[in-house]
Amino acid sequence: MVRRKYLAVDEQVAEEVFRAARSKGMTLFSYTTELLRESLDIERSYMRLKEAKECLEAFLLAKELGFTLVPEYLVARLVNKASPQEVRKLSEEAGNICGRYFMLKKGASDPIQLLEEAAKKLLWGVTELVVKGSDNEFSVTCILSLRERNYAEVIAGFITGFLRAFAYRPTRLDVSKGMATVLFEQAV
Amino acid sequence: MAVPSKSKKLVPIPEDILKRMATLASKHGEGTFSFIAKTLEEAASLLDMGISVKDARNLYLLVETLKKTGAIVMPGELIQQLLSNLSSTGRDKALKAAYEMGEWFGKYILAKTSSGGDSLEKFRELMPLYLWDASEFIISNEERRLKVRYISPGQTLERTSLLASFLEGVVNAMGYKTVSKEVHRGIIALDFLKTD
């Protein structure tokens, strides 16, 4: 017989696990064992359960906002067939929807933090995002994995649209292969 | 999401798991019991989001692999607009690119199951995660025949065609030849036959 130990956990967590166990027709003990075994498997794969959860949140967010998975080389081909103005405009619309979504879900207290979160979850092609300046005037620079000029326009457009939702307006744009910098100021 | 409360409940756990969790907790510089409680809390919040720990693990591995192979997420409407800009030659090239990405994915599934495991099961497990915008995705097989059905009413014909090429690439790479292919706006019906 398996030897048991007892662990004191938050009542609500225990209730949640108990409900899930019951819905699967399992006992609390066997279900907890399964959950912890799977969690150990995750850790053996050199990842943390927290990271898997963040990844899931990103996936659900992309789904909710109508994003789609595309191979980088197809993106390169598609953006190069359009004008920089067109891709930036289309991307700005998407960024603005995303900004409004974040504002609605999380409030408007820290737009930069929200932009960083959105970039981490949705802009896989952004390898680094650097924000410099004050609350009223700042620059956002993105380093990109895809070194196509028009992809940098896509990212610049997305960031512009996102921050427009928080009443920031772009004052300067500097786009090159693999990098996009946008300067913003607070709209009066 | 589970809101932490002050009252506690006792949860039974097997001693062997406790020992393994203790090793892990010390590796992360945390106390055993708080580490296990945190793990259970994370697992419970995943359940709250309607996904099992196992599915979350599969999704994480898939996303990490996709990122490494150069897949990115893009606003669907932007891709749609850019696709409609393409000439017929450009569209053919885009379909070829999607097919090649599918082929890669099929080979990835075969590699993942090469040391044991059913490749079709893996396909069934991974595809719904990948095709997050599908309202219906059905894979059925009988003897050597395999049927794939996809429905997503919001998709345009261009995006549906791209996805059909991707799916064809996946299944062809897994050793099935295409016997029929029907693509309409938001609907894909593909039939395959296992090759020897």
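# Asking how we know

User: What share of the contacts in chain A with a separation of 6 or more comes from residues 24 or more positions apart?

Analyst: That share is 58%. A contact here means heavy atoms within 4.5 Å.

User: What kind of model am I looking at?

Analyst: It's a predicted one, where local features need pLDDT of at least 70 and side-chain atom pairs count only at pLDDT 80 or more, while totals for chains, interfaces and linings use all residues. As for bookkeeping, residues are numbered from 1 along each chain as its sequence is written, chains are lettered from A and ligands numbered from 1 in the order in which they are written, and side-chain values use heavy atoms, with hydrogens and water left out.

User: Which helices and strands make up chain A, and in what pattern?

Analyst: Chain A has 7 helices and 6 strands, and along the sequence they run β-α-α-α-β-α-α-α-β-β-α-β-β. Both are DSSP runs numbered from the N terminus: helices are H or I with at least four residues, strands are E with at least two.

User: How do you know that the structure has 0 disulfides?

Analyst: A disulfide is a pair of cysteine sulfur atoms within 2.5 Å, and a search of the whole structure over all chains finds 0. Take Cys55(A): the closest cysteine sulfur, in Cys98(A), is 17 Å from its own sulfur, so that's too far for a bond. For Cys98(A), the closest cysteine sulfur sits in Cys142(A), 13 Å off, which is also too far for a bond.

User: What makes Cys55(A) and Cys98(A) buried?

Analyst: Buried means under 20% relative accessible area, exposed over 50%, and partly exposed in between (1.4 Å probe, protein chains only). Cys55(A) has 9%, so it's buried. Cys98(A) has 0%, so it counts as buried too. In chain A, buried residues make up 51% of the 188.

User: Why is Glu38(A) called buried, and what does it touch?

Analyst: Glu38(A) is at 15% relative accessibility, so it counts as buried. This residue belongs to helix H2 (residues 28-44) of chain A. Leaving out residues up to four places away in sequence, Glu38(A) touches Val53(B) and Lys54(B).

User: Where does Glu143(B) lie, and why is it called exposed?

Analyst: Glu143(B) is in the loop between strand E3 (136-142) and strand E4 (145-151) of chain B. Its relative accessible area is 79%, so it's exposed. Glu143(B) also has a positive phi of about 50° although it is not a glycine.

User: What about Ala167(A)?

Analyst: Ala167(A) has a positive phi of about 65°, and it is not a glycine. You'll find Ala167(A) in the loop between helix H7 (149-164) and strand E5 (168-176) of chain A. With a relative accessible area of 38%, Ala167(A) is partly exposed.
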